[in-house]
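Please look over the sequence and the structure shown here. A short report on selected parts follows.

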Amino acid sequence: MAKLKELSELREQIELCVKCGGCRAHCPAFGADKQEGRVARGKIALADALLKEQVDLEERFLLDMSQCLLCGSCYSQCPNKVHTEEIVAATRREIAKRQGLSTFGKGVATVLKHQGLMNLLAKGGGAFSKLLFKKVPEQSGLRLRFPAPFISSDRTLPPLTSKPFRERHPEVIPGTAGKPTVLFFTGCGINYMYPDSGEALLKALQFLGITVIIPKDQGCCGLPAVSAGASATVEQLANDNLAMLRKHQYDYIVTACASCHSGLTQIYPNMGAEFDTYKEKVRDIFVFLVEQGLPERLAELPKAAQQLRVTYHDPCHLRNHGITKQPRAILKALPQVAYVEMEGAGSCCGLGGTYSVYHYETSKQIGAKKAAHIAQSGASLVATDCPGCIMQLQDSINHAGGQQQAVHILDLLAEALP
Amino acid sequence: MLEQSILKQLEEICGKDHVTTATADLICYSYDATQRQYRPDVVVHPGSNEEISAIMKLANSARIPVFPRGAGSGFTGGSLPISGGIVLGLSRLDKILEIDEENLVATVEPGVVTEQFQQAVEKVGLFYPPDPASLKVSTLGGNVAECAGGPRCVKYGVTKDYIIGLEIVTPTGDIIKTGGPTMKGVVGYDLTKLICGSEGTLAVITKIIIKLLPKPEAKKTMLVLFDSIDGAAQAVSAIIRGKIIPTTLEFMDGRTLDCVRKATDLQVPAGANAVLIIEVDGDREFLDKQAAKIAAIIKPLGVVETRIAETPEQSEALWQIRRSVSASLRRVNPDKFNEDICVPRSKVPEMIRKIDQISDRYAIPIVNFGHAGDGNIHVNIMIDSKVPGQSEKAEKAIAEVFAGALELGGTMSGEHGVGIMKAPFITMELSDAGIDYMKTIKKALDPNNILNPGKMFPSDRAVAPAQS
Ligand SMILES: Cc1cc2nc3c(=O)[nH]c(=O)nc-3n(C[C@H](O)[C@H](O)[C@H](O)COP(=O)(O)OP(=O)(O)OC[C@H]3O[C@@H](n4cnc5c(N)ncnc54)[C@H](O)[C@@H]3O)c2cc1C
Ligand code: SF4
Ligand code: SF4
């Protein structure tokens, strides 16, 4: 049975923090107004105080705890490798446990009103109308990420597809004998918002002769629920997915979403030993494609006459697991791409699960920096490996009045393949 | 708890949004890198010098202590509100006001992060050398208050060598200017230098005028492994005797190398018991010559291996060994006391030997590294504070380390200042008359002991509270 850790079980993590302040340089949430409660160090001190019963669930505490994108940037730069994102997630679960989940949501909303940030209420919410949402199961990452009443009307969201990706294909798409079999963990983003990227992934795998299993009964990875502190939902999703993973025969599990990758490799294994057996099989799609020799195959293709200037954004959940080279390797090998590196490619886009919903204004500020870097790079496309990031990048670019397009690397790959 | 009326006045001065007494905020402004915690009564984030002036006047009339705070990266507790009162967060004063390329002078507010300032001046071909290891987070205000230094000091000096003028708010609330944007100036006492390194006890710094240099064209990094710390120390002297002043001369002792070996896959050969990272900067064509000259000078001094970086990536890889130290120390023991003594350059090996003896005597691992070029040794006393008796042993070891440094003509702090951590030891270094002289200054400028009380001079901790 999947079980998430209680805050009290993270005491050792909390004690690892030596208060050096190093995280101040890397925390996107802190960047906006430089209040100590926003930075990893502050949140760790607050979690510690909660355990020691030195602080109540007062407004300021809730606000500070909601000010985290769970991006893990602090962890990757921390000299003592403190998992702040785990500490914050566990604290949110603790809050939900004490107050009830909806109260937490409400609490945050009240606080936000207080802070003058609360112009987020939906005025219709275009693409995310209630009607469309009906198609999306309640536990889906999309619903958790964008509870309808919180959608801001000036946010760019991709339209939901009329036919989700998983409904378009049979469960098994056979490849060439002797080649590996992969299970495609689609995630909500690809299933409902970016099914074309899913098609692109299929095309790439078929190009390599790989057999693909697309289980119909897979669910949301649960990361957005982690961010909301909804432990029961996370545990239920993990259990259901575990049952699904047990049912099939495959060599690898591929993901094309940084959040899903993180859910399967970082969150689940903390919840029970059985997940470890699956963790070994999980591959980000580009790690897998590089292992399968795709860059060499791409090199054989004729160079396109017209080259597109493309830059890459590192999704936090890949960068922090050391996956930075493979997506770039694929991009650089594409015949139609002239790759340019942008400044700050590794900094967070500002989405951060529920963060961008509750804190849309600061989320936009973080995104604006990114949009400026994209513009400075001179690229016409910014490619990445996470549907959430694509959505946020496009929103940021649009707010900045830019012309660039945010795409999945897979879309570019599909274009290039014969 | 402060009286409601005081809070109200603070809100009138700074605006409601910038004054907070929420428990969560008091917790978040209760610590710094010393890991000690003291809660203030209120955290205030002023937005201008006038607001700070008004706060100081109010604090003086109500006898409330005020504790200036930059990034809270201090290692000696300088920003800790040890007797409650007001934490004065300076993060809103974060603008680079001017970079004057013609006169090589910049004016900044105190909350500007050091590295961001460095990057801004480097973009226009200029250079601000002071580079504390905390430069990505620490603020220029904090750097001035502590007179921070870093690896480049050996060639370029410390923070105070670049500060030519300040705007300050005095403890009694006056706004005054010291020095100015000219390279020379001898009118009156040099208050600028007095404030630099005063650890926030004499004034709140609200503007900083900084002297800049042209940015050196290039740099070259070399890493030299020695069979003993003596070889490394002799190398430092030999290089300087050879009329070369490198930008940095960083050393790590044998115990540090052991940590690095265990914690990382960085290649450190078995016979190596000390390391120097040497960097030279200047015109490109002259760097190769300098590196070759250095290599020749130090060759006979027990060199095990010399690595010279040819590319920025290789240079980064060499620095990686130094950067991996901090994280690797935790493998020795979970808690550390980090002291930063400074001895005359030539006395570094003798000091290391003394420290090794202290370490053996107390059976506590002590790991040393630092800036050999200026004799500044970071002494890391590694303990497990959960083991009974270890903290007490560490305290004793620290006192012996300080005594050792003083015997060799050194000081108990080259960089981190006194704060609360070294205050109990200050009489080891300064004479009674010397301390009295300093206290007379403090008393004259801050008659009610409002600004950062209890720092540097331990007996002054008491502040007559008008608070309940
Ligand atoms: C990992 C790490 C590495 C470090 N490396 C170095 C190093 O190489 N060299 C070095 O010198 N130090 C180093 N330090 C210590 C510390 O970073 C410096 O002392 C730094 O200058 C403190 O700056 P801050 O902005 O964090 O100040 P704080 O810690 O907030 O405050 C430090 C002192 O300055 C006072 N102060 C701050 N702002 C003002 C102001 N505007 N007016 C008046 N007083 C003010 C405070 O009251 C306090 O006494 C290191 C610290 C860490 C955690
Ligand atoms: S989380 Fe890490 S980087 Fe941040 S203060 Fe703690 S130890 Fe330092
Ligand atoms: S996880 Fe990201 S947003 Fe949260 S504290 Fe760490 S760096 Fe900041």
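## Ligand shells in chain A

This is a predicted model. The shell around ligand 3 is made of A:Cys27, A:Pro28, A:Ala29, A:Ala40, A:Lys43, A:Cys68, A:Leu69, A:Leu70, A:Cys71, A:Gly72, A:Ser73 and A:Cys74. Three elements of chain A each give two or more residues: α2 (28-33), α3 (40-51) and α5 (73-77). By class, this shell has nine nonpolar, two polar and one charged residues.

Ligand 2 has its own surroundings. Around ligand 2 sit A:Cys17, A:Val18, A:Lys19, A:Cys20, A:Gly21, A:Gly22, A:Cys23, A:Arg41, A:Ile44, A:Cys78 and A:Pro79. The class count for ligand 2 is seven nonpolar, two polar and two charged residues.

## The parallel sheet of chain A

Chain A holds an open sheet of four strands in the order β7-β6-β8-β9, with parallel pairing. Its edge strands are β7 (337-339) and β9 (405-408), and each pairs on one side only. From one strand to the next, the twist averages 40 degrees.

Inside this sheet, β6 (residues 308-312) and β8 (residues 381-384) of chain A pair in the parallel sense over three bridges. A:Tyr312 has A:Ala383 in β8(A) as its bridge partner. Helix α23(A) packs on the sheet and touches β8 and β9 of chain A. The direction of α23(A) makes about 170 degrees with that of β9(A). Helix α24 (residues 409-416) of chain A lies across β6, β7, β8 and β9 of chain A. Helix α24 runs at about 75 degrees to β9(A).

## A helix crossing in chain A

Helix α23 (residues 387-399) also meets helix α22 (residues 360-377) of chain A; their axes come within 8 Å and cross at roughly 80 degrees. α22(A) is therefore roughly perpendicular to α23(A). From α22(A), the contact uses A:Tyr360, A:Ser363, A:Lys364, A:Gly367, A:Lys370, A:Ala371 and A:Ile374. From α23(A) come A:Gln392, A:Leu393, A:Asp395, A:Ser396, A:Ile397 and A:His399. This contact of α22(A) with α23(A) has five nonpolar, five polar and three charged residues.

## The antiparallel sheet of chain B

Chain B has an open sheet of seven strands with antiparallel pairing. The order is β15-β12-β14-β13-β17-β18-β16. At the edges are β15 (303-308) and β16 (335-342) of chain B, each pairing on one side only. The twist averages 15 degrees from one strand to the next.

B:Glu339 has B:Val379 in β18(B) as its bridge partner. Helix α10 (residues 284-298) of chain B packs on the sheet. α10 touches β12 (218-226), β14 (274-282) and β15 of chain B, and its direction makes about 15 degrees with that of β12(B).

## Helix α12 of chain B

Helix α12(B) lies across β13 (248-252), β16, β17 (366-371) and β18 of chain B. α12(B) runs at about 160 degrees to β17(B).

What does α12(B) meet in α13(B)? The axes of α12 (residues 348-362) and α13 (residues 390-407) of chain B come within 10 Å and cross at roughly 160 degrees. The two helices are therefore roughly antiparallel. Their crossing is right-handed. In α12(B), the contact residues are B:Met351, B:Lys354, B:Ile358, B:Arg361 and B:Tyr362. They meet B:Lys393, B:Lys396, B:Ala397, B:Glu400, B:Val401, B:Gly404, B:Ala405 and B:Glu407 in α13(B). By class, the contact has six nonpolar, one polar and six charged residues.

Conventions: Residues are numbered from 1 along each chain as its sequence is written. Chains are lettered from A and ligands numbered from 1 in the order in which they are written. This is a predicted model: local features need pLDDT of at least 70, side-chain atom pairs count only at pLDDT 80 or more; totals for chains, interfaces and linings use all residues. Side-chain values use heavy atoms; hydrogens and water are left out. A residue is near a molecule or strand if one of its heavy atoms lies within 4 Å of it. Ala, Val, Leu, Ile, Met, Phe, Trp, Tyr, Cys and Pro count as nonpolar, Asp, Glu, Lys and Arg as charged, and the others, Gly among them, as polar. Axes are lines fitted to C-alpha atoms, for helices over the stretch in contact, and angles run from 0 to 180 degrees between N-to-C directions. Angles under 35 degrees count as roughly parallel, over 145 as roughly antiparallel, 65 to 115 as roughly perpendicular and the rest as oblique. A crossing is left-handed if the near helix is turned anticlockwise from the far one by less than a right angle, and right-handed if clockwise. Contact means heavy atoms within 4.5 Å. Two strands pair if DSSP finds at least two bridges between them.
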